[in-house]
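Here is a short tour of one protein chain for you to follow along with. Take a moment to look at the structure below, and then let us walk through a few of its residues together.

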Amino acid sequence: MSRLPMSRSSSVTASCSLLLLTFGLVGAAHADSMSTLIAQKSAQSTSNTSYRYPDVSRQAPTVLPAFLSGDYDNIDSEYLPLLSSAETQSSLAAREVVSTARKMALNERTIIQGGCWDYLNAVFKRAGVTRDTIHKGTYGQGPYANSGEIEVGDWLYYINHGYNGVEHSGLFVGWVDERAKQALILSYAGENRREPARYRVYDLSNVYQIMRPSV
């Protein structure tokens, strides 16, 4: 009997079967080599015990002194560490002013008749210090002080950009963002509001007078 020629479809099927067999053998060999490599690396990492993960630095929580442990509505709690630092790291005269101002504003909630000048004048008198003019300009023309000239406890005159650009004065506590000229200031509104002084962030881009406490 004569043998019938193989059809085209049968030829394609045979070729595909051969290719699958070939790739299967190659894939199995590749899988075996990968398994061997993983096993070797695993054994190496197990035997190497000298490596240690780097320690993660964690900042210790800020512990506030007892006199700042109250619940205040005239200072945001996030600024309490800055106020605490101002009382512990400044000069003697500045420390007396900052401490006296804090007692009057937070602990006693003192009300003074008058405006911002009257309040800070009362703070300086009660602290038993005098004031020296370090920088003097004018409201409209300056010259305006650089941020590096300002220190903790300074009595500042500046343009209040947050309130119609009027002139204002306040007690400098510390920089919140010196590059952006944002600072924590003790400010007294006055104007018969019957409210204690409050700590707020002000823009100190235009400080035209600095008065520094001295003993």
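The side chains of Gln209 and Lys136 make a polar contact at 3.4 Å in this predicted model. Gln209 itself sits in strand β6, which covers residues 207–214. Is Gln209 buried or exposed? Its relative accessibility is 12%, and because buried means under 20%, Gln209 counts as buried. Setting aside residues up to four places away in sequence, Gln209 touches His135, Lys136, Trp155, Leu156 and Tyr157.

Now hop over to a helix. Ser84 belongs to helix α2, residues 80–89. With a relative accessibility of 13%, Ser84 counts as buried too. Which residues does Ser84 meet, leaving aside its neighbours within four places in sequence? They are Leu64, Pro65 and Leu68.

Here are the two residues side by side:

| Residue | Element | Relative accessibility |
|---|---|---|
| Ser84 | helix α2 (residues 80–89) | 13% |
| Gln209 | strand β6 (residues 207–214) | 12% |

How far can you trust the picture? The average pLDDT of the chain is 79, and 71% of the residues score at least 70. Over residues 1–31, however, the pLDDT is below 50, and this stretch has 1 contact in the model beyond near neighbours in sequence. Where pLDDT is low, predicted coordinates should not be read in detail.

Notes. Residues numbered from 1 in each chain as written. Predicted model: local features only at pLDDT ≥ 70, side-chain atom pairs only at ≥ 80, totals over all residues. Heavy atoms only, no water. Helix = DSSP H or I, 4+ residues; strand = E, 2+ residues; numbered from the N terminus. Buried < 20%, exposed > 50% of the residue type's maximum accessible area, 1.4 Å probe, protein only. Contact = heavy atoms within 4.5 Å. Polar contact = N/O pair within 3.5 Å; in protein donor to acceptor, adjacent residues only side chain to side chain. pLDDT = per-residue confidence, 0-100.
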